[in-house]
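Visitor: Please show me the structure, and then let us discuss a few of its details.

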Amino acid sequence: MSEAAKPEVHALLLAASSTICYIVACPTTKQCAVIDAVLDFDIASGRTSTGFAEQIIAKVRELGLTVQWILESHVHADHLSSAPVVHKALGGTIGIGDHIGEVQAGFAKIYNLGPQFQVDGEQFGHLFADGEQFAIGSVPAKVMHTPGHTPACVTYVIE
């Protein structure tokens, strides 16, 4: 890969939860992936807000990028995703590892979500298999299933 083809990477920190969201952009096509966008969460009140998501949206617009992917490395109860907020504002396809159903099934039992809660990952636009290859613009990327924090964790290896 030539020097010019290296992706641009921008990190945004939500200090309250020590969560980092990455914006990875193809310098040639100006397409990008937003990785692990989260909601603000006030533990004392149990309320969420979209301030951090709005910062992510503003940064993408400031950089003149087009969102191709909104990628989740995993889901869990203490970092709530703002992928739907980012998607509504900027478009793109929401993707996560294809083992998400295992986590959803656990959540369904723990939170007594009932039979209407789908545990097959249908809430996401794309379920990535281990080893699956894709691109962010013209930048190659690959998915690695890396269970640990949850059985559905994935790592995105971006050239």
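**Contacts and surface**

Guide: The side chain of Thr150 comes to 3.1 Å from the backbone nitrogen of Ala152, a polar contact (a pair of N or O atoms within 3.5 Å; within protein, one must be able to donate a hydrogen and the other to accept it, and residues adjacent in sequence count only if both atoms are side-chain atoms). This is a predicted model, in which local features need pLDDT of at least 70 and side-chain atom pairs pLDDT 80 or more, while totals for chains, interfaces and linings use all residues. Residues are numbered from 1 along each chain as its sequence is written, and side-chain values use heavy atoms, without hydrogens and water.

Visitor: Is Thr150 buried or exposed?

Guide: Thr150 lies in the loop between strand S10 (139-145) and strand S11 (154-158); strands are DSSP runs (E, at least two residues) and helices likewise (H or I, at least four), numbered from the N terminus. Buried means under 20% relative accessible area, exposed over 50%, and partly exposed in between (1.4 Å probe, protein chains only). Because its relative accessibility is 8%, Thr150 counts as buried.

Visitor: Which side chain does Lys59 meet in a salt bridge?

Guide: A salt bridge is a side-chain nitrogen of Lys or Arg within 4 Å of a carboxyl oxygen of Asp or Glu, and a search of the whole structure finds one. At 3.5 Å, N to O, the partner is Glu62.

Visitor: What is the relative accessibility of Glu62?

Guide: Lys59 is partly exposed, at 24%. Glu62 counts as exposed, with a relative accessibility of 58%.
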